[in-house]
Amino acid sequence: MKLQTDQIEVFFNPHSVAVVGASRNVNKAGHVIFKNFAENRARGIFKGSLYAINPNETEVLSYRCYPSLSRVIDPIEVVVVVVPSQFVPQVMREAAAKKVKAAVIISSGFREVGNIALEEEIKGIAQSANMRLLGPNCLGVYDSRTGVDMIFLPETKILQNGNEVVVTPRPMPGNLAIVTQSGAFGVAALDYLAGREMGVSKFVSFGNKADVNEPELLAYLMEDRETEVILLYAEGIAAGRKFLEIAKEVTKTKPIIALKTGKTSSGARAAVSHTGALSGTDKIYDGAFAQAGVIRARDMDDFFHIAKAFSTQPPPEGDGIAVLTDAGGPGVMAADECDTRGISIRKLSDVTLQKFEVLKDQQKIPKFAATLNPVDLTGSASSEMFELATKILLDDPDVHSLIVIGLHHVPGLDEDFVDRIANVTSQYRKPVVACDIGETEMAMYVRSRFEKMGIPSYSSPEDAARSLVALVRYGLYLKKEGCYDAYLANMTRKKTRGPK
Ligand code: COA
């Protein structure tokens with residue numbers, strides 16, 4: 001199915017933008033949005049022209065302010081509408097007369113509060129002018145590369161003590177795209193990703209989706225060179241059949257990780273008053289997502305954990321998982337979790353077991369180390385043992401991926417074990433995830449060091465296992481669809497963050 005993705009491109013990379021409702025009042029949404037564009041323009045990131053529209057001002061942030069769109073002589077490609085809902089139809093009529101290509105309506109007060117007629121009215125105006133419409137009741141678009149930033153939540157705030165703090169960080173450029181029905185959740189996701197130093201390519205909050213909806217956004221992101229992984233938050237999915245057709249196409253080249261809420265009758269009711277979404281039967285979504293190769297996260301943590309794994313690791317070639325640990329219990333926990341999720345941890349091959357026996361004879365790993373899988377180096381583990389064992393495991397053709405649970409508490413383990421493991425793993429195209437448990441200094445160091453070395457790291461064995469299993473399942477899906485090799489050939493993210 002071919003959708004007109006060139007009509008969507010303009011939202012992310014416009015030549016000219018007008019903010020209708022641009023205000024000098026720093027506490028207003030229209031001020032923040034205009035300031036975002038003005039600052040990105042001053043920095044040379046946003047390269048388009050910028051216009052402020054507000055009948056009550058003559059100048060906003062040193063830009064001339066026009067009383068209405070019709071008073072701007074130059075063409076305008078995109079309007080961002082930030083005025084109360086009752087004024088939106090008039091703004092849309094002016095935009096239509098000016099042959100604006102796309103409108104983003106941030107304003108609330110439409111279908112989500114029962115004001116269906118008002119929503120239909122603006123939709124009608126857009127349709128008859130061949131103007132694309134994002135929203136209403138949305139946060140619009142953020143593009144880390146083009147400097148388009150319609151997020152009305154300020155990046156920093158001044159606290160009562162006079163200190164300036166970051167409140168809504170914009171993440172660095174990266175390969176994750178966020179497509180979200182909930183603006184607030186989307187922004188929380190940006191905060192999480194910025195904090196974890198996970199980069200974002202594009203962010204789009206589509207709110208009530210009066211016009212532009214999930215299938216079109218997915219089709220657009222499928223072609224987007226900056227995006228390698230798509231994160232989707234949805235309460236109810238519009239155009240179900242179309243969504244499935246597009247999603248099936250997209251997942252052959254890019255993973256879609258979905259958090260679909262409104263699963264229960266209480267949640268579904270909340271979704272109706274949030275974005276007017278009809279959530280549908282949850283079981284149907286489960287089946288549909290599985291059919292289309294969409295990875296469904298069970299909750300918010302799962303969503304981010306899986307995203308982290310996909311943003312740096314390739315899907316494995318098969319379902320052979322090895323667990324390497326210095327901690328028996330957590331090794332069992334990881335094995336349990338893999339099994340619960342349908343991927344059992346198999347015994348290692350005789351060749352690999354023999355290699356471990358040789359290491360035992362050479363006293364390079366403890367005689368009492370367990371090697372059947374999980375491989376448990378025990379509390380006598382050292383950095384060198386982790387390095388040797390990682391290599392042996394990844395050399396095994398039946399081991400397609402690895403979970404390393406290196407609890408830092410054991411006496412013989414130096415902090416360099418992370419770098420040693422990362423140096424070994426960077427020589428293979430097999431996904432690796434890591435885990436260290438604890439909330440004090442060393443645990444924090446180990447986890448963040450793993451991530452700096454390009455290995456996603458988790459604070460529980462189950463989280464690590466679940467994230468890896470999602471990769472395994474996606475790898476199996478790609479194989480089944482016959483597109484695994486093409487996928488790997490196109491993939492740039494694997495080991496792009498390699499050892500530093
Ligand atoms: N053209 C241009 N500017 C206009 C206008 C028009 N037709 N009508 C009003 N304005 C100006 C106002 O004069 C004001 O500027 P000022 O500060 O210089 O006086 C500015 O637009 C904003 O109008 P105002 O009435 O002050 O509204 P507001 O800023 O308090 O609220 C919204 C506007 C859109 C933010 C608000 O109605 C809203 O919908 N809030 C919820 C947004 C939301 O949560 N969206 C979903 C996110 S997920």
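**Group meeting: the ligand and the core**

Quick note on the model: it's predicted, so local features need pLDDT of at least 70 and side-chain atom pairs pLDDT 80 or more, while totals for chains, interfaces and linings use all residues. Residues are numbered from 1 along each chain as its sequence is written, and side-chain values use heavy atoms, leaving out hydrogens and water.

So who's around the ligand?

Now some polar contacts, meaning pairs of N or O atoms within 3.5 Å. Ser23 has a polar side-chain atom 2.7 Å from a ligand oxygen. With Ser108, a backbone N or O atom sits 2.8 Å from an oxygen of the ligand. The protein buries 71% of the 980 Å² that the ligand exposes when taken alone, going by the Shrake-Rupley method with a 1.4 Å probe.

Next, the largest nonpolar core, which has 56 residues. That's a set of buried residues (under 20% relative accessible area, 1.4 Å probe, protein chains only) of the types Ala, Val, Leu, Ile, Met, Phe, Trp, Tyr and Cys, joined through side-chain atoms within 4.5 Å. Among those with the most contacts inside it are Ile178 and Phe303. Domain 2 (153-312) and domain 3 (314-494), with bounds from an automatic or database assignment, both give residues to this core, so it lies between them.

Terms used: A polar contact is a pair of N or O atoms within 3.5 Å; within protein, one must be able to donate a hydrogen and the other to accept it, and residues adjacent in sequence count only if both atoms are side-chain atoms. Buried means under 20% relative accessible area, exposed over 50%, partly exposed in between (1.4 Å probe, protein chains only).
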